[in-house]
Amino acid sequence: MKVPFLDVGATYKELGKEIDAAVKQVLADGWYILGKNVELFEKEFAEYCGTKYCVGVGNGMDALELILRAYGIGVRDEVIVPANTYIATVLVINHVGATPILVEPDIRSYNIDPVKIESVITKKTKAIMAVHLYGQCANIKAIKPICKKYQLKLIEDVAQAHGAEHFGKKAGSLSDVAGFSFYPGKNLGAYGDAGVVTTNDPHVAKYIRIARNYGSEVKYHNSLKGFNSRLDEIQAAVLRVKLRHLDQWNKRRNKIANYYLQYLNPGKNVNFILPEVSPGNKHIWHVFAVRTKKRDQLITYLNKKGVSTLIHYPLPYYQQPAYKELNKFKNQFPLSNQIAKEIVSLPIGPHLQEKEMQYVVNMVNSFINRFL
């Protein structure tokens with residue numbers, strides 16, 4: 001049996017008629033940039049997240065960069081981030097001229113460990129960027145008091161947590177401001193690049209609305225040196241259709257994850273580690289990441305059996321060639337290094353079939369029984 005990691009095209013098979021109608025209407029209307037679909041999606045997504053404002057931008061990375069610029073964060077400033085995040089989170093900090101300060105994750109949740117944050121705060125620290133990795137929220141309940149104590153901005157990177165909740169509140173509404181990506185593989189994915197910023201801060205929302213459009217609020221009048229980062233009207237139309245199905249798709253992901261948690265590794269082999277849901281969290285399982293010291297052997301075995309996997313992420317950003325000046329610090333982050341060597345994501349998605357789900361469990365358990 002062949003089991004894809006994620007069948008991205010399945011969403012179109014399910015919603016093709018609705019999506020076709022939405023896209024055709026945009027084409028017929030003849031308004032392709034910052035039109036009514038962007039306005040409506042911004043309104044609908046703000047309501048979904050529980051925030052006053054939502055501003056559409058070109059992609060998730062732009063969302064985070066514009067957030068930093070909205071707060072005037074730049075040269076000589078520091079922003080705290082998890083050491084095991086995807087490189088995009090760190091790149092935006094560098095792009096504004098600030099310095100990323102890395103903090104190790106909690107080995108159980110893979111999110112930034114609040115206990116380790118205060119020790120790296122300095123007079124230069126301006127913000128904490130909490131990444132909701134793999135589909136569950138970082139421990140915002142513990143991070144917020146730290147931000148209040150040191151007067152820091154709290155920023156959420158919600159690229160992997162559309163619809164996740166933390167003590168009853170949705171991701172995107174837990175902080176001063178949040179950035180979302182709608183890359184096609186996300187739980188709520190466009191058919192290209194797209195992103196938004198959500199916030200209750202009217203000044204941040206206004207800045208990003210102007211900055212995303214060349215720094216212009218009125219056509220041909222530019223109040224600041226802006227960017228071209230606008231949510232596409234067609235993508236907004238697609239996202240409006242998909243948003244109506246997001247909660248149901250997340251429920252399907254939870255069903256699969258619960259099946260995995262129940263039936264994977266029934267012998268509780270200590271060399272095979274399942275993910276955990278942190279207290280107060282509603283996980284939406286963007287990925288289902290397991291750990292084993294024989295990760296590469298597991299991937300090879302599953303590949304031969306037709307089961308696709310991915311690694312999120314095989315090489316920490318501070319070990320990347322792009323950041324070779326930081327390679328000398330790699331031994332300062334043993335947990336992040338360990339995760340990178342052991343982590344592997346199993347197939348999960350709203351369109352994974354029951355027989356595929358069962359096959360994945362059987363093949364993984366077969367590997368555990370033979371090699372662990």
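This is a short tour of a predicted model, stop by stop.

Residue numbers start from 1 along each chain as its sequence is written. In this predicted model, local features need pLDDT of at least 70, side-chain atom pairs count only at pLDDT 80 or more, totals for chains, interfaces and linings use all residues, and side-chain values use heavy atoms, with hydrogens and water left out.

**Stop 1: the nonpolar cores**

Select Phe41, Phe45, Ile117, Ile128, Ile143 and Phe182. These have the most contacts inside the largest nonpolar core, which has 41 residues. A nonpolar core is a set of buried Ala, Val, Leu, Ile, Met, Phe, Trp, Tyr and Cys residues joined through side-chain atoms within 4.5 Å. Buried means under 20% relative accessible area, exposed over 50%, and partly exposed in between, with a 1.4 Å probe and protein chains only.

Now color the elements that supply at least two residues each: helix H2 (36-49), strand S3 (99-103), strand S4 (125-131), helix H5 (140-150), strand S8 (177-181) and helix H7 (233-243). Helices (H or I, at least four residues) and strands (E, at least two) are DSSP runs, numbered from the N terminus. Which element gives the most to this core? H2 does, with six residues.

Zoom in on phenylalanine 41. Its contacts (heavy atoms within 4.5 Å), leaving aside neighbours within four places in sequence, are Phe182, Leu188, Val196, Leu231, Ala236, Leu239, Arg240 and Leu243. A second, separate core has 32 residues, including Tyr71, Ile155, Val197 and Ala205.

**Stop 2: asparagine 84**

Go to the loop between strand S2 (78-82) and helix H4 (87-95); asparagine 84 is there. Is asparagine 84 buried or exposed? Asparagine 84 is buried, because its relative accessible area is 10%. Show its side chain, which reaches the backbone oxygen of tyrosine 110 at 2.9 Å. Then show what asparagine 84 touches, not counting residues up to four places away in sequence: Pro105, Tyr110, Leu133, Tyr313, Ser336 and Ile339.

**Stop 3: helix H4**

Select Ala88, Thr89, Val90, Val92 and Ile93, the buried residues of H4. After H4 comes glycine 97, with a positive phi near 90 degrees.

**Stop 4: the largest pocket**

Rolling a probe the size of a water molecule over the atoms shows where empty space is left. On a 1 Å grid over the protein atoms alone, a cavity is a set of points where a 1.4 Å probe fits but cannot get out; a pocket is an open set with protein on both sides within 12 Å along at least five of seven lines; lining residues have an atom within 4 Å of a point. Grid points are joined across faces, edges and corners, and a volume is the space filled by probe spheres set on the points.

The largest pocket holds about 650 Å³ of space. Select Tyr86, Gln160, Tyr183, Lys186 and Tyr313, the closest to its centre of the 32 lining residues. H4 gives the most, with four. The lining divides into 18 nonpolar, ten polar and four charged residues. Here Ala, Val, Leu, Ile, Met, Phe, Trp, Tyr, Cys and Pro count as nonpolar, Asp, Glu, Lys and Arg as charged, and the others, Gly among them, as polar.

**Stop 5: the cavities**

How many cavities of 30 Å³ or more are there? The count is two. The largest cavity has a volume of about 100 Å³. Of its 14 lining residues, Thr11, Pro184, Lys186, Asn187 and Arg253 are the closest to its centre. The second largest cavity has a volume of about 50 Å³. Its lining includes Arg108, Tyr110, Glu276, His283 and Trp285.

**Stop 6**

Most residues other than glycine have a negative phi, and most peptide bonds are trans. Select histidine 312 and tyrosine 313: a cis peptide bond joins them, with omega about 10 degrees. Tyrosine 313 is in the loop between helix H9 (295-304) and helix H10 (334-342).

Move to tryptophan 285, in the loop between S12 and strand S13 (288-291). Its phi is positive, near 50 degrees. Tryptophan 285 counts as buried, at 1% relative accessibility.

End at asparagine 265, in the loop between helix H8 (246-263) and strand S12 (281-282). Its phi is positive too, near 55 degrees. Asparagine 265 is buried, with a relative accessible area of 7%.

Technical notes. Polar contact = N/O pair within 3.5 Å; in protein donor to acceptor, adjacent residues only side chain to side chain.
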